[in-house]
Every structure is written in C-alpha cells, then in structure tokens.
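Keep the viewer open as you read.

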Amino acid sequence: MRFVRFQSGGTTSWGALDDTTVHDLSTLPGPEPTLDDISNENRVRELSRTVERRQCDTHDVSEVSLLSPVSTPGKLVCVGLNYRDHAEEADRDIPEEPLLFSKAPTCVTNPESPVVAPDEVTQLDYEVELALVIGRYARNVSAADAEEYIAGYTILNDVSARDTQLSNDEQFFLGKSYDTFAPLGPALRSTLDYDPNNVDIEMRVDGELRQSSNTSEFIFDVHDLVEFLSHRLTLRPGDVISTGTTSGVGLFYDPPKLLEPGHTCEATVEGVGTLTNTVVEE
C-alpha cells in the first residue's frame with residue numbers, strides 16, 4: 001500500500017494512492033492515520049480494506065499536489081558508500097561499518113518542486129536513494145525487529161554540491177544541505193509485503209538513464225542500518241534514513257555529467273514510484 005501526503009483546496013491530508021486515484025483518508029471516521037499507524041501491519045490491512053470498499057472521498061492524482069511524506073524530519077541521516085558498485089566507481093574500500101553523514105532537515109522539498117542551483121555551486125550532482133521513514137520510537141532495536149519500527153519506504157534524491165562537499169575538509173554537511181537538496185517522495189510504501197533489500201532503483205536525467213541497480217547491492221541492508229543507528233541514538237517518528245546511492249553519479253562519468261538549470265531528474269524505486277524534480281537557477 002502506498003500512502004501520500006497531499007494538498008487539495010488548501011488542506012493537507014494523508015491519502016492512499018491507487019494507480020491514479022488518491023483516497024482521502026481524512027474523510028474516514030475518526031482521526032487520520034499517523035506514522036505509528038502506518039508502522040502497524042494490522043492497521044495497514046484495515047486501511048487497505050477501507051480503500052477497497054471506497055469508504056472515503058477520492059481525487060484524481062492530477063488534481064492534487066503531492067507533498068513530501070515528511071515535511072521536516074527531526075533527523076535526516078544518510079549512508080555513504082552503501083552499494084558495492086558505487087564504492088568501486090569511487091575507488092574506495094568496502095566499509096566495515098556504515099559511513100554516516102547528515103543533511104539539514106530544511107533541505108527537504110516536495111515532488112515536482114524545483115531544485116534550486118546555488119549561484120556559487122559549479123558541480124551539482126544527483127543521487128537516487130531508497131529512504132525509510134521511522135514510525136515509532138526506536139532504541140536498541142535488533143535487525144530482526146527493525147521492520148516493526150519503520151513506517152515505510154520512499155525515495156530521496158541526495159542532491160549534492162560536489163565542489164563544496166569535497167573542499168570543505170571532507171565534511172559533507174554543507175555541500176549536502178542547501179535548500180531544496182533533498183527532494184523526498186512521491187509516496188510512502190508500507191512495509192507490508194515489500195522487501196526493501198531487493199528492489200530495482202534508477203535515475204534518469206532528461207530521459208537519459210544514469211543510474212540503474214538493485215538494492216541487493218547493499219553492503220548494509222535496511223534492517224542492519226536500523227540496528228546500527230538505534231544502538232547509538234534514539235530514532236523518533238518522522239526521522240528519515242537514506243540508504244545510499246548506486247554507481248552512475250554524474251561526477252564519475254568521463255567527462256562528468258553534472259546537473260544544470262533546466263535538467264529534470266526522475267528517480268525511480270520499484271514499488272514506490274518516480275520522484276520528479278527540475279533544476280532551476282537561484
């Protein structure tokens with residue numbers, strides 16, 4: 001089941017996306033579902049039955065604005081070098097434990113919203129990533145139990161200013177955190193009947209396939225990452241963990257294929273959808 005946050009008539013609601021139809025969950029009796037609800041497989045099954053019986057209002061997806069599933073995460077944690085093929089193209093050793101960095105929560109932007117290219121950035125790059133959203137407080141969680149704490153899966157385009165990222169004493173934060181550098185969405189795929197560790201992932205720029213792989217290339221899979229992080233810090237509902245990118249980033253093409261104003265990125269993850277954003281000048 002795919003959940004969406006959407007805006008219609010000035011009102012923001014949770015919905016369930018079914019092909020081209022958004023089922024407005026705010027029109028159901030009782031309160032709207034929360035991330036904790038979405039983490040509960042029994043609750044997801046209940047919502048699915050409700051949608052099948054068409055017991056809520058509906059909208060055509062073209063008539064609403066899809067929003068990021070989480071507008072401002074408490075934490076936005078990213079994993080570097082988590083695909084074997086990306087480590088190889090970067091000529092880096094396979095890490096023995098996850099390599100982590102963060103992006104500022106304020107850089108999250110919506111599906112279809114523009115990515116703003118800062119005037120001072122000369123090396124703007126893309127990275128398609130499977131991201132997971134935490135649905136329940138998680139501390140010292142085992143990999144075997146990790147799924148119980150995940151609300152669902154979405155797509156993050158880890159837009160990166162390589163010149164800033166690689167010249168700032170190898171501290172990635174600034175080069176990763178300009179406003180609009182984290183398009184997120186378009187849907188939140190529930191954990192029910194979904195294997196995040198074996199799905200196809202790709203990025204197209206102006207229709208050209210740039211990245212194509214499968215999450216089976218993970219060095220540290222989704223559940224390992226939740227275990228690793230939750231044993232070191234508390235994960236809260238709405239926190240986002242982005243699981244790394246595959247080979248084919250623009251910087252490593254010869255010559256590099258970097259983003260410029262006018263380019264459109266289409267990041268696709270099997271079972272989630274396609275996240276589309278166009279680069280514009282500052």
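Begin with a salt bridge: the side chains of glutamate 32 and arginine 5 meet at 3.9 Å, N to O. The term means a side-chain nitrogen of Lys or Arg within 4 Å of a carboxyl oxygen of Asp or Glu. Glutamate 32 sits in the loop between strand S3 (21-24) and helix H1 (35-39), and arginine 5 in strand S1 (residues 2-8), so the pair ties together parts that are 27 residues apart in sequence. Helices (H or I, at least four residues) and strands (E, at least two) are DSSP runs, numbered from the N terminus. Glutamate 32 is partly exposed, at 27% relative accessible area. Buried means under 20% relative accessible area, exposed over 50%, and partly exposed in between (1.4 Å probe, protein chains only).

A word on the source. This is a predicted model, in which local features need pLDDT of at least 70 and side-chain atom pairs count only at pLDDT 80 or more, while totals for chains, interfaces and linings use all residues. Residues are numbered from 1 along each chain as its sequence is written, and side-chain values use heavy atoms, with hydrogens and water left out.

Next, take aspartate 239 and lysine 75. Their salt bridge has its closest N and O atoms 2.8 Å apart. Aspartate 239 lies in the loop between helix H6 (222-230) and strand S17 (240-245), and lysine 75 in the loop between strand S5 (65-67) and strand S6 (76-80), so this pair links parts that are 164 residues apart in sequence. Aspartate 239 is buried, at 3%. Lysine 75 is partly exposed, at 25%.

Arginine 204 and glutamate 202 also form a salt bridge, 3.1 Å from N to O. Arginine 204 is partly exposed at 29%, and glutamate 202 is partly exposed at 22%. Elsewhere, salt bridges with shared partners join Lys103, Asp125, Glu127, Asp158, Arg162 and Lys176 into one network. The total count is 13 salt bridges.

Which residues form a negative surface patch? They are Asp91, Asp93, Glu96 and Glu97. Patch residues have over 30% relative accessible area and no salt bridge; like charges are joined within 9 Å, and nonpolar side chains (Val, Leu, Ile, Met, Phe, Trp, Tyr) within 5 Å. Aspartate 93 lies in the loop between helix H3 (84-89) and strand S7 (99-102). Aspartate 93 is exposed, at 70%. Isoleucine 94 is also in the loop between H3 and S7, and is partly exposed at 40%.

Now the cysteines. How many disulfides does the structure hold? Zero, where a disulfide is a pair of cysteine sulfur atoms within 2.5 Å. For cysteine 107, the closest cysteine sulfur is in cysteine 78, at 7.8 Å, too far for a bond. Cysteine 107 is buried, at 0%. Cysteine 56 is buried too, at 8%.

Finish with the backbone. Most residues other than glycine have a negative phi, and most peptide bonds are trans. Glycine 185 and proline 186 are joined by a cis peptide bond, with omega about 0°. Proline 186 is in strand S14 (residues 182-189). The bond from aspartate 254 to proline 255 is also cis, with omega near 0°. Proline 255 lies in the loop between S17 and strand S18 (264-269).

Threonine 180 is not a glycine, yet has a positive phi of about 75°. Threonine 180 is buried, at 14%. Aspartate 206 has a positive phi of about 50°. Aspartate 206 is partly exposed, at 49%.

Methods
Areas by Shrake-Rupley, 256 points an atom, 1.4 Å probe, with all protein chains shown as cover. Lys, Arg positive; Asp, Glu negative; His and termini not counted. Charge placed at Lys NZ, Arg CZ, Asp CG, Glu CD.
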